[in-house]
Amino acid sequence: MYNLLPREKRVSNVNKAIRSLTSFQMITMGFFTVIMLGALLLTLPVSTQDGRGASFLDALFTATSATCVTGLIVQNTVTYWSGFGQFVIICLIQIGGMGVVTLAVAITMISGKKIGLMQRSTMQEAISAHQVGGIVRLTGFIIRGILLTELLGALVMFPVFARDFGWKTGAWYAVFHSISAFCNAGFDLLGIKQPYISLVEYGGNPVITITIALLIIIGGIGFMTWDDIRTHKLRLRKYRLQSKVILLTTTILILLPALFFYYYEFSQPQWAEFTRQEKLLGAFFQAVTPRTAGFNSVDLGLFSEAGQMLLMVLMLIGGAPGSTAGGMKVTTLAVLIMTAVAVFNRRESAQGFGRRIAGDTVRNAATISLLYISLCFLGAFAISCIENLPMVTCLFEAASAIGTVGLTLGITPQLGSASRLILIILMFIGRVGGLTLVFTALFKKHAVVSKLPQERITVG
């Protein structure tokens with residue numbers, strides 16, 4: 001049946017439909033579209049080493065993991081995917097790390113087209129900016145910063161990879177791992193000798209481990225924190241409250257776990273053959289990578305239960321809002337801690353760095369933390385029941401998925417279709433954001449202003 005509407009009328013209807021979408025809906029649809037396109041590309045025969053193409057479920061899992069910068073895999077990246085397949089994966093990682101909206105705005109800027117208010121508003125939501133003003137200029141700064149950081153990371157790692165794999169393969173490895181690390185993705189090409197080995201062979205190499213860790217940190221502190229560092233340099237007092245909270249919380253979440261790993265975990269008998277340098281690098285790297293990169297420089301299967309539980313907590317926390325990292329975000333944890341301190345001191349509101357935290361921020365933090373913890377537990381519970389696996393192991397995989405981390409205890413490649421679909425859903429929610437999905441489905445343009453009668457409930 002032919003569409004009898006004039007072309008101009010059809011285009012107008014499409015434009016109206018797009019304009020009616022909220023920022024949350026555009027972000028969600030953007031990620032979903034990129035994932036589906038990536039999955040279709042990965043099913044092509046040219047995408048795999050054997051020339052047969054991947055099954056749609058394997059392609060969908062890999063595309064979701066790459067776009068959501070997670071790093072969980074069901075096929076060994078370097079031996080299963082061809083050069084074209086690896087190129088598709090790294091493009092998905094770059095798009096997912098930058099953000100679909102950021103990339104779209106960048107393309108619009110390059111093409112010379114005018115960026116409307118709707119695009120500016122969507123970009124504001126995507127990078128967690130506090131205002132629309134200056135968003136285009138900030139986007140340009142973000143794009144330049146991303147490309148420069150990834151280039152420097154690749155240049156630093158190139159001599160090591162060129163020595164081990166030759167200059168041509170070494171250059172590709174340096175670029176791939178620099179982008180993957182900066183985007184907090186955790187995909188690697190080092191499983192050519194032993195599948196799913198990640199960075200274990202380079203665990204004692206400071207050039208690789210420190211460079212990867214720094215790329216993870218830079219990508220995970222958030223683009224607005226970059227803007228504060230660029231604008232105010234070392235004048236920390238002039239930073240936004242959000243940037244102060246991110247930098248302080250990130251420092252604590254690296255320092256304390258690193259001390260735990262070095263003085264407790266690596267003092268266990270299974271690590272007796274490690275040198276002091278390997279233990280120091282391993283402790284630092286394992287403190288950084290769970291939020292939310294997915295590389296590992298030691299065998300996580302040898303970790304004690306206490307060490308694995310700490311990794312799970314770090315995976316759920318994640319990085320900063322408006323960054324390449326996932327998780328429920330360090331600011332969520334900080335707000336919850338400040339709220340607890342306020343309750344202990346019987347203050348009316350949470351406080352930090354001489355500022356009062358808004359009530360809706362506290363409510364959002366409580367909701368997000370409950371959402372992530374609940375989804376992690378329910379996902380792990382379902383996988384444990386389906387696969388008949390230990391709950392702790394399933395919790396680790398579920399936390400890795402919803403935190404968009406990619407660390408694994410090795411069970412993901414052996415999971416059945418139902419369990420893989422659960423991880424796909426968790427990865428998508430973790431990258432897009434739980435509240436973003438809720439607002440996408442339930443967003444109302446007109447807020448309810450009426451209030452019901454108040455009554456107290458005793459808690460605690």
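Axes are lines fitted to C-alpha atoms, for helices over the stretch in contact, and the angles between them run from 0 to 180 degrees between N-to-C directions. With that in hand, welcome to this structure, which is a predicted model.

**Two helices side by side**

Let us start with a pair of helices. Two packed helices are described by the angle between their axes and the distance between the axes. Here, helix α12 (residues 241-263) packs with helix α14 (residues 305-317) at about 170°, and their axes are 11 Å apart. Angles over 145 degrees count as roughly antiparallel, and α12 and α14 are therefore roughly antiparallel to each other. The crossing of α12 past α14 is left-handed.

Which residues in α12 and α14 meet? From α12 come Leu 253, Pro 257, Phe 260 and Phe 261, while α14 brings Ala 306, Gly 307, Leu 310, Leu 311, Leu 314 and Ile 317. By class, the contact of α12 with α14 has nine nonpolar residues, one polar residue and no charged residues.

**Aromatic rings**

Now to the rings. The structure holds 19 aromatic pairs, and two of these are set out below.

| Pair | Centre to centre | Angle between planes | Arrangement |
|---|---|---|---|
| Phe 141 and Trp 226 | 6.3 Å | 85° | edge-to-face |
| Phe 261 and Phe 303 | 5.6 Å | 55° | tilted |

Are Phe 141 and Trp 226 buried or exposed? Both are buried.

Phe 261 lies in helix α12, whereas Phe 303 lies in the loop between α13 (276-288) and α14, so this pair ties together parts that are 42 residues apart in sequence. Phe 261 and Phe 303 are both buried as well. They also belong to one aromatic cluster, formed by Phe 260, Phe 261, Tyr 264, Phe 266, Trp 271, Phe 274 and Phe 303.

**A glycine in a loop**

Our last stop is Gly 204, found in the loop between α9 (167-182) and α10 (206-220). Gly 204 is partly exposed, and its relative accessible area is 29%. What does Gly 204 contact, leaving aside its neighbours within four places in sequence? Its partners are Gln 277, Glu 278 and Leu 281. Leu 280 is 76 residues from Gly 204 along the chain, and the C-alpha atoms of these two residues are separated by 9.1 Å.

How values were computed. Residues numbered from 1 in each chain as written. Predicted model: local features only at pLDDT ≥ 70, side-chain atom pairs only at ≥ 80, totals over all residues. Heavy atoms only, no water. Helix = DSSP H or I, 4+ residues; strand = E, 2+ residues; numbered from the N terminus. Buried < 20%, exposed > 50% of the residue type's maximum accessible area, 1.4 Å probe, protein only. Contact = heavy atoms within 4.5 Å. Parallel < 35°, antiparallel > 145°, perpendicular 65-115°, else oblique. Left-handed = near helix turned anticlockwise from the far one by under 90°. Nonpolar A, V, L, I, M, F, W, Y, C, P; charged D, E, K, R; others polar. Phe/Tyr/Trp six-rings, centres within 6.5 Å; stacked < 30°, edge-to-face > 60°.
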